[in-house]
Amino acid sequence: MHAPAALQFNVHRFGVWRALLGAIALLLTTVVAAWLATRSLPVWAAAWTLSLLVASWVGLAGLARIRPLQLHWDTQHWHVGSSGSPLHGPFHAPQRCELQLAVDLGPWMLLRLLPLDAGFAPWQARWVPVQQRGHEAVWHALRCTVHSGRSDAGGFVAAALGGAPQP
């Protein structure tokens, strides 16, 4: 099996992700409001519940703030870097990373990018939602590359066919 061709992809559309987070926030608010309406809680318990709700909103708002980035597959490794604006976190300049596919729903994927450079810990991984809408021209190539573009593709294929993994 051959490695997929080189690919450069600018991730810059996040509407589906933000709509999903908005729906989660609305559902959470509705459930908490209905629960509070059916209970007679002391004031401190209601205040505590509402403060947890606000903390959840803040967390969801943080997940919704995603900056554009650039993914690059060079036929051997994935690289991630800034796409026009500075990124917060470990990906300031393009650097090698491991790309893991967490969710693939066809027109939407959730990717996990883990830096391979020394000094980065697993919790510094970056979760990146990627949608087809706005990226139609390169979507098929991206999905094919994500599914087959692994640094260990040779060993993976050999092991799947019953052979010894290659170093």
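How many residues does helix α3 have, and how far does the helix reach from its first C-alpha to its last? Select residues 136–148 in this predicted model: helix α3 has 13 residues and reaches 19 Å between those two C-alpha atoms, close to the 18 Å expected at 1.5 Å a residue.

Staying on this helix, show the side chains of Trp139, Leu142, Thr145 and Val146, which are buried in α3. An α-helix has 3.6 residues a turn, so residues three or four places apart point the same way.

Select next the strand β6, residues 126–131, where Arg126 has its place. Is Arg126 buried or exposed? With a relative accessible area of 14%, Arg126 falls under the 20% cut-off and is therefore buried. Follow the side chain of Arg126 to the backbone oxygen of Arg67, which it reaches at 3.5 Å.

Finally, colour the chain by pLDDT, whose mean is 79, with 77% of the residues reaching 70 or more. Among the elements of the chain, helix α1 (residues 15–37) has the highest mean pLDDT, 92, whereas helix α4 (residues 153–160) has the lowest, 37. Two stretches deserve a careful look. Over residues 85–91 the pLDDT is below 50, and beyond near neighbours in sequence this stretch has 22 contacts in the model. Over residues 152–167 the pLDDT is also below 50, and here the model has 10 contacts beyond near neighbours in sequence.

Note on methods: Residues numbered from 1 in each chain as written. Predicted model: local features only at pLDDT ≥ 70, side-chain atom pairs only at ≥ 80, totals over all residues. Heavy atoms only, no water. Helix = DSSP H or I, 4+ residues; strand = E, 2+ residues; numbered from the N terminus. Buried < 20%, exposed > 50% of the residue type's maximum accessible area, 1.4 Å probe, protein only. Polar contact = N/O pair within 3.5 Å; in protein donor to acceptor, adjacent residues only side chain to side chain. Expected span 1.5 Å × (residues − 1). pLDDT = per-residue confidence, 0-100. Contact = heavy atoms within 4.5 Å.
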